[in-house]
Amino acid sequence: MGVALRLETTKKESSLTKPMLESTPPEAASPGGMPKHVALIMDGNGRWAKNRLLPREAGHVKGIAAVRDVVRAARELGLQYLTLYTFSTENWRRPASEVRHLMGLFRRYCRADIEKLHRHNVRVRFIGARAGLDADIAELIESAESLTANNTALNLAFAFNYGSREEIAESARALARDVAAGRLDPEKITPGMIGSAMQSAGIPDADLVIRSGGERRLSNFLLWQAAYAELVFTDKLWPDFGAADLKAALDEFARRERRFGGVPAASRGECSLGEAAVRALVAEVFEAD
Ligand code: FPP
C-alpha cells in the first residue's frame, strides 16, 4: 500500500501534476546496460602538451590518435552512436594560429580517415553550423556524409563548429517560420517537435556523456539531448584517453540506476511508518510557522 495523501492543492499546483505531452523519458539504453549513445567532450589537449613543454598544437595532434583508438573501441564494442565534441562555436576565441591548426587537422583527419571509416561500415555525420566554415571543409563534410549515408554499423557524429544553444535556437527559428506561415499552431508545439527540428534529429538522446580533462561541466554540448544522460568525468587528459577508459565509463554507466524522474520498483513497497508519519511531517513543515 502506498501512502495516499489527500492534501489540499491549489488549481495551479494540481496542473503541475498533469503528465506533459511527450514528456516520456528517452528510450532506455540497449539491453545489458550498454548505452545506445555515448557523447564525448575531449578536453585536456593543451595541458597534455604543456606538461611536456610542447606547444598546444602537439596535444591536438596526439588527440587524433585518441579519437582513432576510441572510435575503434566503440565499433568493436558494438556501440550504436558516438558523438565527439571536436570544435565548439566558442573555440573561435582561441588564438588564430591554434584555430588554423585545428582546421588543418580536421582536413587531414577527414582525408585520411573517412574512407577507412566507410570500409568499416561507419556512418559519419556532422552537427554544427556549416556557415562560416572554409568552403573546402564544408565540402569534406558533405562528401563524408554522402559517402557513408547508407552505412549501418557505428553512427559517428562530429560536433564541429557546434554550440548547443545555437542548435536549439535554430530549431526554434524553423518552428517559428512554420507558425508564421500558418502551418503550425504554436499551442501544439511539443518537446518532440523541437527535437525533430534540430540538426541532430535522428540521433537519439545521449545516454552517457563522458568528459576528459578534469573539468565538470557540459560547455554548451548537447544540452537538449543530454537531459537524462549519465555524466562521467575523468581527470585523464584527452590524448591519454583510450579504449580502456571508454570501457571503464561504460562499466560505470552499467552500475548507475536510471530513474528518469520516477521511483525504483524497490522503493514503491509498503512503508512501515505509514501515512501517520507523513502527516506528522506535513504538519511540522507547513503548520510550524
Ligand atoms: C580541447 O582541449 C580539445 C579541443 C579543442 C577539441 C578536440 C580536438 C581534438 C581531439 C583534435 C581534433 C580532432 C579531430 C577529429 C579533427 P583543450 O585545448 O581545451 O585542452 P586544455 O583544456 O588542456 O587547454
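A residue counts as buried if 20 or more other C-beta atoms lie within 10 Å of its own, as exposed if 12 or fewer do, and as partly exposed in between, with C-beta atoms placed from the backbone. Trp224 is partly exposed because 17 other C-beta atoms sit within 10 Å of it.

What you're looking at is a predicted model, so local features need pLDDT of at least 70, side-chain atom pairs count only at pLDDT 80 or more, and totals for chains, interfaces and linings use all residues. Residues are numbered from 1 along each chain as its sequence is written.

**The overall picture**

- The protein chain has nine helices and six strands; these are DSSP runs numbered from the N terminus (H or I, at least four residues, for helices; E, at least two, for strands).
- Of the 289 residues in the protein chain, 30% are buried.
- Two residues are in contact if their C-beta atoms, placed from the backbone, lie within 7 Å. Among contacts in the protein chain with a separation of 6 or more, 77% join residues 24 or more positions apart.

- Six strands form an open sheet in the order 3-4-2-1-5-6, with parallel pairing; two strands pair if DSSP finds at least two bridges between them.
- At the edges are strand 3 (123-127) and strand 6, and each pairs on one side only.
- From one strand to the next, the twist averages 20 degrees. Axes here are lines fitted to C-alpha atoms, for helices over the stretch in contact, and angles run from 0 to 180 degrees between N-to-C directions.
- Strand 1 (residues 37-41) and strand 2 (residues 81-88) run parallel, joined by five bridges, and Val38 stands opposite Leu82 in strand 2.
- Strand 5 (residues 208-211) is joined to strand 6 by four bridges, again in parallel. Ile210 has Val232 in strand 6 as its bridge partner.

**Around strand 6**

- In a regular strand, side chains alternate between the two faces of the sheet.
- Helix 8 (residues 243-255) lies across strand 5 and strand 6, at about 140 degrees to strand 6.
- Trp224 belongs to the loop between strand 5 and strand 6. Setting aside neighbours within four places in sequence, Trp224 is in contact with Ser164, Ile168, Gly195 and Met198.
- Trp224 and Met198 are 26 residues apart along the chain, and their C-alpha atoms are separated by 9.7 Å.

**The nonpolar core**

- A nonpolar core is a set of buried Ala, Val, Leu, Ile, Met, Phe, Trp, Tyr and Cys residues joined through C-beta atoms within 7 Å.
- The largest one has 50 residues, and Leu82, Leu156, Ala159, Leu208 and Val209 have the most contacts inside it. Strand 4 (residues 155-162) gives the largest share of this core, six residues.
- Beyond its neighbours within four places in sequence, Leu156 is in contact with Val71, Leu82, Leu117, Val122, Arg123 and Val124.

**Around the ligand**

- There are 18 residues around the ligand, and Asn45, Gly46, Arg47, Gly63 and Tyr109 come nearest; a residue is near a molecule if its C-beta atom, placed from the backbone, lies within 6 Å of it.
- Helix 2 (45-51), helix 3 (56-77) and helix 4 (96-119) each supply at least two residues of this shell, and helix 3 has the largest share, with five.
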